[in-house]
Amino acid sequence: MRTRVGLRRLPAVDALRGFALLGILTVNSAQIMSPYVSEGIREPGAPLGDQVAMWLVTAFAASKFYLLFSFLFGYSFTLQTLSAERDGANVTARFLRRSLGLVLLGVVHAVLLYDGDILMAYGVLGLALLCARRIRPATAVKAAAWIYGVFGVLLTGLGALAGWADDEESAPQQEIERAVAAYHGSAGTVLRENLDRLPLALLGVLLMAPGVLAAFFLGLAAGKRRLLAPGGAERSQLLRITAVGLVVGVPGAVFFASAAQGPLDDRWHFLGIGIGMLTAPALSAAYAGLVLLLLESSWGDRLQQLFVPAGRLALTNYLGQSLIMMFVATAYGLSLYGQVGAAAVLVLAGAVYALQLALSTAWTRRFRHGPAEWLLRAITLAGRPGRAGPARASEPDPALPT
């Protein structure tokens, strides 16, 4: 008989998710606030401070944190399966409803707020977890390695060919001017611009799909082995993961940022993307290993108090980040799109994250679920999301983490 202890919330999962929110926010904020970043080109004549800020975001955040979130999604799937089995529910029906809820939330998010949504991808690609839920951990790891390895090699090869082709393309200045006018116009023009961008956003989801699927399978394997449960991973394992991840990931991140933001010229741009994507999982793993090591240190309790509440409200915080930044950027509010440098955007993102940490702590002291989590649970559990009383750290984990 499965014990209730096995279904309790795992602080490491919530802490990693809360930490990953910072990386997601820095990347999304840069794209939401700058037409050049959203077009994937360098801003001409940007001040040195803004160039440095954008280089750091590209190197150490871009393409790293969505992989960490995807890994946690795969891990949480194993917790959701246990929760459904404990309740005597149909695992397939419950997860299909949850996937539908993610797709619906993603569509609303992409149209009303930020077109770079990830929820639709999770809702659709997460079905692969449902199909593969009975595979062995070793098989899941092999599948992840093949999916991402083939994808990374192909992308790197195509990047090298694109560099040799040396087909220079002028900056899409007209597209930038049109986007600025739309986001400075009215709520209606913001909606139209988001709708116009939706096909490209869906294409971006397809390009991200191999990385997301690979991370899903790694998370599935880790969940089956309970690696994020107390005592699940040894300190020596975490040290090895962190060290190897840094040795492989940092050089790849530096080359990626140097090709995208300088000092390398545009001929290296596509090869930089390929190398960056190929080595991104290593740096993502290093981040996770470092956080887990810190959770086991003398700082562990403080870090849990800081990150766990935000991680428990990850879906609400993710949507809230877009809401705040779109208010700052567009005609929904301050209309500062294209007018704030990357360094200032980075500072703003830090302030928003600090605010979310504080609000998450206050909220979880009174309520079990955030607003978005409650809505997703209502869809998943067919209208029975559970009461909204205060949460206790020791209660079983009926939640469906994002």
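Axes here are lines fitted to C-alpha atoms, for helices over the stretch in contact, and angles run from 0 to 180 degrees between N-to-C directions. The model is predicted.

**Helix 1 against helix 15**

Helix 1 spans residues 11-33 and helix 15 spans residues 342-364. Their axes lie 9 Å apart, at an angle of about 140 degrees. Helix 1 is therefore oblique to helix 15. The crossing of this pair is right-handed. Helix 1 brings Gly-18, Phe-19, Leu-21, Leu-22, Leu-25, Thr-26, Ser-29, Ala-30 and Met-33 to the contact. Helix 15 answers with Val-345, Leu-346, Ala-349, Val-352 and Tyr-353. By class, the contact of helix 1 with helix 15 holds eleven nonpolar residues, three polar and no charged.

**Helix 5 against helix 14**

Helix 5 covers residues 91-113, and helix 14 covers residues 314-329. The two axes come within 10 Å and cross at roughly 15 degrees. Angles under 35 degrees count as roughly parallel, so helix 5 is roughly parallel to helix 14. Helix 5 passes helix 14 in a left-handed crossing. From helix 5, the contact takes Leu-105, His-109 and Leu-113. They meet Leu-315, Tyr-318, Leu-319, Ser-322, Leu-323 and Met-326 of helix 14. Seven of the residues in the contact of helix 5 with helix 14 are nonpolar, two are polar and none is charged.

**Helix 4 against helix 10**

The axes of helix 4 and helix 10 come within 6 Å and cross at roughly 45 degrees. The two helices are therefore oblique to each other. Helix 4 passes helix 10 in a right-handed crossing. On the helix 4 side, the contact is made by Tyr-66, Leu-67, Ser-70, Phe-71, Phe-73, Gly-74, Tyr-75, Phe-77 and Thr-78. Helix 10 supplies residues including Met-208, Gly-211, Val-212, Ala-215, Phe-216 and Leu-218. Others from helix 10 include Gly-219, Gly-223 and Lys-224. The contact of helix 4 with helix 10 has 13 nonpolar residues, six polar and one charged.

| Helix pair | Axis distance | Angle | Handedness |
|---|---|---|---|
| Helix 1 and helix 15 | 9 Å apart | about 140 degrees | right-handed |
| Helix 5 and helix 14 | within 10 Å | roughly 15 degrees | left-handed |
| Helix 4 and helix 10 | within 6 Å | roughly 45 degrees | right-handed |

**The second largest pocket**

The second largest pocket has a volume of about 940 Å³. Its lining counts 31 residues. Phe-71, Leu-218, Ile-241, Pro-281 and Ala-285 lie nearest the centre of the pocket. Phe-71 and Leu-218 also take part in the contact of helix 4 with helix 10. Helix 12 gives the most, with seven residues. By class, the lining of this pocket has 24 nonpolar residues, five polar and two charged.

Arg-226 is found in the loop between helix 10 and helix 11. Pro-263 lies in the loop between helix 11 and helix 12.

Definitions and conventions. Residues numbered from 1 in each chain as written. Predicted model: local features only at pLDDT ≥ 70, side-chain atom pairs only at ≥ 80, totals over all residues. Heavy atoms only, no water. Helix = DSSP H or I, 4+ residues; strand = E, 2+ residues; numbered from the N terminus. Parallel < 35°, antiparallel > 145°, perpendicular 65-115°, else oblique. Left-handed = near helix turned anticlockwise from the far one by under 90°. Contact = heavy atoms within 4.5 Å. Nonpolar A, V, L, I, M, F, W, Y, C, P; charged D, E, K, R; others polar. 1 Å grid on protein atoms, 1.4 Å probe; cavity = no way out; pocket = protein on both sides within 12 Å on 5 of 7 lines; lining within 4 Å. Points joined across faces, edges and corners; volume = space filled by probe spheres on them.
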